[in-house]
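I opened this entry to keep track of what I looked up, element by element. My notes follow the model.

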Amino acid sequence: MRHILHADFDAFYASVEQLDNPTLHGKPVVVGGSAEGRGVVASASYEAREFGVRSAMPMRTAQRMCPQAIRVGARFDRYREISQGVMSIFRDLTPLVEPLSLDEAYLDVTAVVDNGRQPPEIAADLKRRVKYELGLTISVGVATSKSIAKIASDMDKPDGLTVVALGEERAFLAPLPISKLWGVGPKTAERLIAEGVETIADIAGCDEEWLRERFGRHGAQMQRLALGQDDSPVVVRRETKSVSAETTFARDTGDPDELQEVVSRLSQRVANQLRRKQLQGRTVKLKLRLSDFTTFTRQRTLPYAVQSAEDLSQSAGELLRAELYGRRRFRLVGVGVSGFEQSEELPEEPRQLRFSGFG
Ligand code: TTP
Ligand code: CA
């Protein structure tokens, strides 16, 4: 029996802007790029949401819906700072913290409960501490599994606290629309609804073979979650400080073309990881090992943050060329990036990409 919390800041970017600028308190605030620059809404304060403004909406649409909305540009450094603050409050309660993004995390508080405190009390306490120390509200879901805690935290936003007690899982899930289920994105939801499957209870009651035929393993997984069965553990993760890839050659080489080719391939791998993690970095690092096992790194910090394979490959390539002299031959090459700024552009389906585990 486990006790899991899912904690999520309310209107994260917008609330931080209201916190730092009291003239924005109680007002409709949208964070994101300008309408002229074809920006989109990253975060909308709850005051702005009353006008129908939502995340991922073009800024132009948001300003039409709510002309009095105040637009503010995003300040990722500040959001990261607040994020580090909240994660350290979480880690004060339990070391078992799994951040999902800057503004949300799972906490496994089973040991805290075993020590005699009840989950609702733990969650209320946590909310109070975050409010007191950071001046911001979080919504918290309390349940016996991650997937249900996550759904619960979203039930009573903002400043919500929703507890799904042991034994109540299926009843809690039953009436909810399928789109609430972990891993059911817009496309899967559309297909299910076309087949008349609209609520989580509908999925729970589906013939397993029928689901499997249409959705493969994902179908069986959806049904398990719909039945309230989820024993996926809270995976402790630290903030990513650098991303890198390296390769050791079958035979040492000093051939500039071959080495550049490898640098390009490694850059592609690093770029893929950066994109998945929504990171971009300013410091590009090249790692080299010579035939005699001497290992060293060369790095340069760029005036702007990069994420693409082309940019990485170019910077790492320049570092490489400076090392190609004499009869040097190399056994290993690595490419890495650090000095992160969160990338402004989120993938098309950010909600989907935040969950791993489903194809
Ligand atoms: P969310 O938790 O999805 O949104 P939110 O915190 O603004 O609002 P809610 O009260 O509903 O939780 O995302 C967290 C932050 O991530 C959000 O403040 C801004 C950023 N974000 C984007 O930049 N683009 C997006 O499309 C989404 C959904 C979020
Ligand atoms: Ca949030």
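I started with a bridge: Phe 9 has Ile 138 as its partner in S7. This is a predicted model, in which local features need pLDDT of at least 70, side-chain atom pairs count only at pLDDT 80 or more, and totals for chains, interfaces and linings use all residues. Residues are numbered from 1 along each chain as its sequence is written, chains are lettered from A and ligands numbered from 1 in the order in which they are written, and side-chain values use heavy atoms, with hydrogens and water left out.

**Strand S7**

I looked at how S1 and S7 run. They are antiparallel and joined by 6 bridges. For pairing I keep the rule that DSSP must find at least two bridges between two strands. Strands are DSSP runs of E with at least two residues, helices are runs of H or I with at least four, and both are numbered from the N terminus.

Next I checked burial along S7, residues 138-143. Here 6 of the 6 residues are buried, so the strand is largely enclosed by the rest of the structure. Buried means under 20% relative accessible area, exposed over 50%, and partly exposed in between, with a 1.4 Å probe and protein chains only. In a regular strand the side chains alternate between the two faces of the sheet. In S7, Ile 138, Val 140 and Val 142 point one way, while Ser 139, Gly 141 and Ala 143 point the other.

S7 also pairs with S8 (residues 161-163), in parallel, through 3 bridges. Gly 141 stands opposite Thr 162 there. The peptide bond between Lys 157 and Pro 158 is cis, with omega about -5°.

**The calcium ion**

Which protein atoms hold the calcium ion (ligand 2)? I found Asp 8 (OD), Phe 9 (O) and Asp 103 (OD), at 2.1 to 2.3 Å. Donors are N, O and S atoms within 2.8 Å of the metal, or 3.2 Å for Na, K and Ca; water is not among the atoms, so sites may look incomplete. Along the chain the donors follow the spacing D-F-x93-D. Phe 9 belongs to strand S1 (residues 4-9) and Asp 103 to the loop between S5 (97-101) and S6 (104-108), so the pair ties together parts that are 94 residues apart in sequence. Both Phe 9 and Asp 103 are buried.

I then checked the geometry. The site of the calcium ion (ligand 2) has 6 donor atoms, angles of 68 to 171°, and an irregular class. The rule: four donors count as tetrahedral if all angles lie between 85 and 135 degrees; four count as square planar and six as octahedral if opposite donors are over 155 degrees apart and all others between 65 and 115; anything else is irregular.

I moved on to Gln 273, in helix H12 (residues 256-277). Its relative accessibility is 24%, so Gln 273 counts as partly exposed. Contact means heavy atoms within 4.5 Å. Beyond its neighbours within four places in sequence, Gln 273 is in contact with Val 243 and Ser 244. From Phe 9 it is 264 residues away in sequence and 25 Å in space, C-alpha to C-alpha.

Gln 278 sits in the loop between H12 and S10. It is not a glycine, yet has a positive phi of about 55°. Gln 278 is buried, at 10% relative accessible area.

S10 (residues 279-290) and S11 (residues 295-306) pair antiparallel over 8 bridges. Leu 288 has Phe 296 as its bridge partner in S11. The hairpin has 4 residues between the strands, and Phe 293 takes a positive phi near 75° there. Is Phe 293 buried or exposed? Phe 293 is exposed, at 52% relative accessible area.

**Whole chain**

I counted 14 helices and 12 strands. Buried residues make up 47% of the 359. I found 0 disulfides, a disulfide being a pair of cysteine sulfur atoms within 2.5 Å.

Last, confidence. pLDDT is the predictor's confidence in each residue, from 0 to 100. The chain averages 92, and 94% of the residues score at least 70. Over residues 345-359 pLDDT stays under 50.
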